[in-house]
Amino acid sequence: MAANTSIAQPFDFAAEQIHTKQRGLWAQAWQRLRRNRLAFAAAILLTVITVVAVLGNTTDFVQRHDPKEQNYTDAHGQDNIDREPSGTNWLGTDGLGRDMWARTLQGTLFSLKIGFGAETVVVAIGISLGMLAAFGGKVTDNIVTWVTDFGYAFPDLLMIILFRQVIFGRDWPIIGTGDPQIPGVPSVLIATILAISFVSWVTICRLVRGQMLSIKESDYVLAARAIGASPWRVVRSHMLPNTLSTVIVAITFGIPTRIFAEASLAFIGLGVPPPSASLGSLISDGYAHLQSNNLLVIWPAIMVASLMLCFTFLGDGLRDALDPRTKR
Amino acid sequence: MLAYTIRRVLLIIPLLLAVATLTFFLMHSVKGGPFDSDRPLSAATTQRLNERYGLDGSLIDQYRLYITNLAQFDLGISFSNDRPVRDIIAEHFPISAQLGFCTFAFAVVFGLTLGTIAAFNQNGIGDYVGVFFATVGAALPSFILAPLLVITFVLRFHWFDIIGWELGNYHKMVLPIVALGLLPMSFIARITRASMLDVLRQDYVRTARAKGLRERTVVMRHAAKNAMIPVLTVLGPILAGLITGSFIIERAFVIPGLGQEFVRSVLIRDYGVIMGLTLFYAMVIAMMNVIVDLLYAVADPRIRY
């Protein structure tokens with residue numbers, strides 16, 4: 001009897017494993033962001049601006065003139081005031097013979113420092129108080145909610161101006177002109193950052209509180225508690241990561257808002273004192289000389305507008321990318 | 001509804017008290033003041049100035065005096081030119097109010113129109129034009145918009161005036177209103193578009209169309225009213241934005257409004273005016289918010305107070 005060659009073999013489940021690449025939340029978000037051309041272009045442009053602004057203040061290759069240097073005459077003995085853009089002064093010169101390219105880069109760097117610095121403080125305060133409101137007692141929650149409601153209704157710039165008066169009107173330890181100072185960080189920068197952060201945290205505080213309150217009731221938090229996770233572990237590894245996407249989007253929209261706040265202050269004459277310059281104070285200076293040389297306004301204005309647009313597009317893109325419900 | 005209105009109006013009082021207390025202690029924690037100059041004043045002069053402006057005595061005494069004055073609607077006095085803050089408000093607020101009201105009307109009318117056009121031409125040319133304006137409006141803050149408008153329309157085309165404000169004179173009105181109003185306009189347009197798109201998909205709009213109503217009636221009577229409700233919620237923040245925006249625009253176009261006056265008092269550290277005007281702004285905003293909340297109830301019958 002011939003052996004039956006077609007004996008049924010046991011099905012090999014191991015070989016049939018489907019080899020799909022497992023992609024986590026962040027990998028998926030990254031892919032969705034890359035597919036959004038506008039947001040991705042905005043991210044690239046922002047990186048370029050930041051890198052050029054940082055390099056500009058350290059390398060001569062990017063920035064060939066000192067922003068403070070006043071050249072009334074150029075190398076050929078020609079008048080060098082309010083010049084059109086040229087090979088030596090890429091964006092022209094201002095009324096004191098200063099190079100506009102160097103000044104714009106200096107202003108951009110200062111504004112970026114304000115944006116990122118103030119947003120860091122804002123996020124730190126906002127998340128802490130938001131969590132305090134969500135997990136603290138009824139009284140804490142009421143107080144925080146009342147303060148945030150009040151701060152939300154009150155004009156930001158008005159509060160910033162008031163608080164700026166307080167900070168600038170006194171010698172503070174560490175941040176003020178007194179000793180000790182944080183080495184390498186100008187006190188003007190810290191004072192401005194603190195003034196801007198003073199009231200701006202309310203938005204993120206509200207967001208975090210709302211998210212935390214809704215997540216607290218969710219099934220996976222209940223499950224984590226049921227298997228005996230400590231409260232701290234529940235917050236750290238289950239609740240915080242789930243608020244993260246909201247916070248990231250809020251940060252992306254927050255940075256241009258801080259830049260905007262500082263520039264508004266500078267425009268009405270409450271900015272950083274010269275020789276330091278921000279984009280807002282450049283626009284403010286240029287506005288006074290609009291009739292003689294309107295390029296002084298146009299360069300910093302283009303820079304502010306590109307920063308605003310880039311952060312807006314990037315924020316929109318991130319919001320779509322980080323939302324797991326948008327599948328595509 | 002009446003009880004609710006009264007309660008809301010009365011709730012403004014503790015709010016104003018909180019603002020007054022906060023600004024009082026903030027401003028009194030500042031070292032230096034309007035009497036500081038390059039040449040130090042003699043002790044006798046400083047003493048007399050402090051007495052004159054109620055700055056002698058302990059902080060608690062000063063606070064008590066300040067609150068007592070407030071209770072009698074006395075907002076304080078300027079430390080730099082002796083004018084009562086009430087007079088300053090009476091002189092400069094009407095101009096700011098005109099600017100604010102015109103800008104508000106501009107933002108609402110054009111925002112609603114653009115948003116509605118965009119919603120009805122979803123993904124069409126009208127939509128792209130609307131979205132383009134909304135994006136540009138959001139990305140161009142007023143302190144950029146003002147110089148750009150001046151360069152284009154004043155220095156190049158000579159269409160408008162660069163300085164001043166005069167109600168009814170469009171040479172002086174157009175640029176400040178556009179510069180101040182483009183941001184809230186784009187904000188309103190975005191919200192109108194979103195909520196209009198939402199409303200147009202509702203069953204009651206289909207019903208209205210199905211029973212053969214003209215498109216205009218469908219839009220005006222059935223869709224627009226409901227699409228307005230989300231727009232109403234952002235009017236509060238927009239009004240607050242107009243006040244801070246006026247600081248910038250009044251400086252850019254040299255308009256003698258209250259915003260200019262506030263910035264001036266900050267620059268010369270005139271704490272009397274700073275405190276008085278902050279409190280006044282707080283009162284204006286609080287009352288506006290009450291009105292917006294009441295409008296909300298009028299527009300949305302589901303809301304009962």
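Residues are numbered from 1 along each chain as written, and chains are lettered from A in the order in which they are written. In this predicted model, local features need pLDDT of at least 70 and side-chain atom pairs count only at pLDDT 80 or more, while totals for chains, interfaces and linings use all residues.

User: What makes a run of residues in chain A a helix, and how many helices are there?

Analyst: A helix is a DSSP run of H or I with at least four residues, and a strand is a run of E with at least two. By that rule chain A has 10 helices and zero strands, and chain B has 12 helices and zero strands.

User: Why are residues of chain A called buried, and what percentage are?

Analyst: A residue is buried if 20 or more other C-beta atoms, placed from the backbone, lie within 10 Å of its own. Of the 328 residues of chain A, 39% count as buried; of the 305 residues of chain B, 36% do.

User: How many residues of chain A and of chain B take part in the contact?

Analyst: Two residues are in contact if their C-beta atoms, placed from the backbone, lie within 7 Å. The contact takes 32 residues from chain A and 33 from chain B. Helices H5 (156-168), H8 (231-267), H9 (279-288) and H10 (295-322) of chain A each supply at least two residues of the side that touches chain B.

User: Which contacts in chain B join residues at least 24 apart in sequence?

Analyst: Among contacts in chain B between residues at least 6 apart in sequence, 75% do; in chain A, 67% do.

Definitions and conventions
A residue is buried if 20 or more other C-beta atoms lie within 10 Å of its own, exposed if 12 or fewer, and partly exposed in between; C-beta atoms are placed from the backbone.
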